[in-house]
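Morning, everyone. Please have the model open while I talk.

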Amino acid sequence: MVHVTGNQPLGTPNYIDIGVPDIARAKKFYGGLFGWSFQSLGPGAMGYEAVILDGQMIAGIAEVPGEDTGGRHWWNLYFATDDADGTLKRITDAGGEVVQPVGDVFEHGRMAMVKDAGGAQFGLWQGKAMAGSGIVNEPGSFGWEELHTRDVDKARPFYEAVFDLRSEKVDAGPNMEFYVLARPDDRPVGGIARDDDREIPLWVVYFQVADADQAVRRVKEGGGTLKDGPWDTPYGRMADVRDPFGVEFRVIHSTEQ
């Protein structure tokens with residue numbers, strides 16, 4: 001298991017959560033797909049629950065009515081920072097937008113929700129008692145993330161300016177424009193993919209699985225849908241799927257496993 005015990009460097013994806021219109025149905029779907037269990041965080045959490053994998057909190061889930069989100073639901077991706085207020089200023093200086101200002105989440109940490117210069121939403125997480133997802137890059141946890149956007153030319157300089165990331169173009173095949181984002185220590189932390197058909201840009205979360213084909217079967221059995229795949233890549237076998245509420249995510253069995 002890849003256990004995370006401390007705060008990650010600036011710009012590292014370090015947590016995910018989701019709001020859904022029916023939390024009971026979502027828990028049945030994701031529990032069956034990934035083997036997750038769920039734990040209430042008490043009355044002060046206003047219905048927000050912990051997603052548990054092998055005894056570790058790896059994500060959060062809450063019931064959010066569709067009228068509060070314009071009928072859309074999605075996985076939120078958070079990036080690590082040791083100074084949420086300072087990073088928020090860098091975001092607005094780079095053309096981003098504040099959705100929810102920095103606030104304390106009990107003793108766990110400090111968070112904010114923002115949009116980048118092209119309108120893609122993401123969060124900031126400054127860990128205190130909780131560094132973020134307790135397990136990553138293992139079956140049932142998130143292991144990769146990509147920004148799918150029409151406006152690559154806005155996205156690249158934004159993430160470079162805010163998180164000191166370097167973007168490097170890689171060969172992703174014909175008719176594909178793709179950039180890998182890497183920290184100053186050269187560790188890749190995500191990607192940016194041009195998607196001219198996408199009206200609303202989105203950070204797409206990849207979940208590691210032991211078997212991509214079996215995961216697709218479980219998605220369908222749980223009331224989700226297969227959008228595309230599974231297909232093989234140099235990085236692993238993956239599929240593009242949706243949960244019962246239309247939430248987009250991908251499953252991947254990485255070649256490194």
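Let's start with one residue. Val 105 is partly exposed, at a relative accessible area of 23%. Here buried means under 20% relative accessible area, exposed means over 50%, and partly exposed is in between, with a 1.4 Å probe and protein chains only.

A word on the source. This is a predicted model: local features need pLDDT of at least 70, side-chain atom pairs count only at pLDDT 80 or more, and totals for chains, interfaces and linings use all residues. Residues are numbered from 1 along each chain as its sequence is written, and side-chain values use heavy atoms, with hydrogens and water left out.

Back to Val 105. Its place is strand β6, residues 97–105. Strands are DSSP runs of E, at least two residues; helices are runs of H or I, at least four; both are numbered from the N terminus.

What does Val 105 touch, leaving out residues up to four places away in sequence? Met 111 and Trp 125. A contact means heavy atoms within 4.5 Å. Lys 128 sits 23 residues from Val 105 along the chain, and their C-alpha atoms are 9.5 Å apart.

Now zoom out. The protein chain has 4 helices and 16 strands. Its C-alpha trace spans about 50 × 45 × 40 Å along the principal axes. Of the 257 residues, 51% are buried. Take the contacts between residues at least 6 apart in sequence: 59% of them join residues at least 24 apart.

That's the tour.
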